[in-house]
Amino acid sequence: MAEVLLYHHVQGLTDGVRAFADDLRQAGHTVHTPDLFEGRTFGSLEEGMGFAREIGFDTLRERGAAAAEDLGRELVYAGLSFGVTIAQKLAQTRPGARGALLMHSCIPVTEYGESWPDSVPVQIHGKEGDEFFDEDLPAARELAKSASAAELFVYPGEQHLFTDASLESFDAEASKLLLERVRTFLASV
């Protein structure tokens, strides 16, 4: 079974993020969910972004990297939206990464290096009408095309954080399919 380090989105470590992690745990995986917001959650993306700006994005990313330091190196790095900025960087730069799960976002590979590491399989998930993921879709397509073991899944709809059951944007059908694909991925790494 895989050991996963899951970084939450900008609304915080919500009950929906915890439920997502629990779904992976039920499949036998070890899932760590560091709380980068120290207990704070937000009812909207705007509120969460305001808090993140106040604390500082670099400070939050440093907290995420520090959480990884307390664990072994053979991790699958997973991120939900904002959490992708941390997960993707660690998957690309930290030796020993077993895989990456990039959900609701994808950063251009060149932000963290010249290319995606051949030894790190990756899955990217997002909605085709999501205004935030649409901005990231060219980077996601480029990563999927250039990496030796990459899959890109684009779902119909426009909800951004569709995997978070505690938010209005939750899409049960798409989330169920995403979880099936993620479980298959984790079973293979």
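1. A polar contact here is a pair of N or O atoms within 3.5 Å; within protein, one must be able to donate a hydrogen and the other to accept it, and residues adjacent in sequence count only if both atoms are side-chain atoms. Asp171 caps the N-terminal end of α6, with a side-chain oxygen 3.2 Å from the backbone nitrogen of Glu173.

2. This is a predicted model: local features need pLDDT of at least 70, and side-chain atom pairs count only at pLDDT 80 or more, while totals for chains, interfaces and linings use all residues. Residues are numbered from 1 along each chain as its sequence is written, and side-chain values use heavy atoms, without hydrogens and water.

3. Helix α6 covers residues 172-188. Ala174, Ser175, Leu178, Leu179, Val182, Phe185 and Leu186 are buried (under 20% relative accessible area, 1.4 Å probe, protein chains only). Seen down the axis of α6, the buried residues fall within an arc of 135 degrees (directions from the helix axis to the C-beta atoms), so they line one face.

4. On the other side of α6, Glu173, Lys176, Thr184, Ala187 and Ser188 are exposed (over 50%). The buried residues of α6 pack against several elements, including β1 (3-7), α1 (15-26) and β5 (122-127) (contact means heavy atoms within 4.5 Å).

5. Six of the six residues of β5 are buried, so β5 is largely enclosed by the rest of the structure. Val122, Ile124 and Gly126 point one way; Gln123, His125 and Lys127 point the other way.

6. Strands β4 and β5 run parallel, joined by four bridges (pairing needs at least two DSSP bridges). β5 and β6 also pair in the parallel sense, over six bridges.

Technical notes:
Helix = DSSP H or I, 4+ residues; strand = E, 2+ residues; numbered from the N terminus. Expected span 1.5 Å × (residues − 1).
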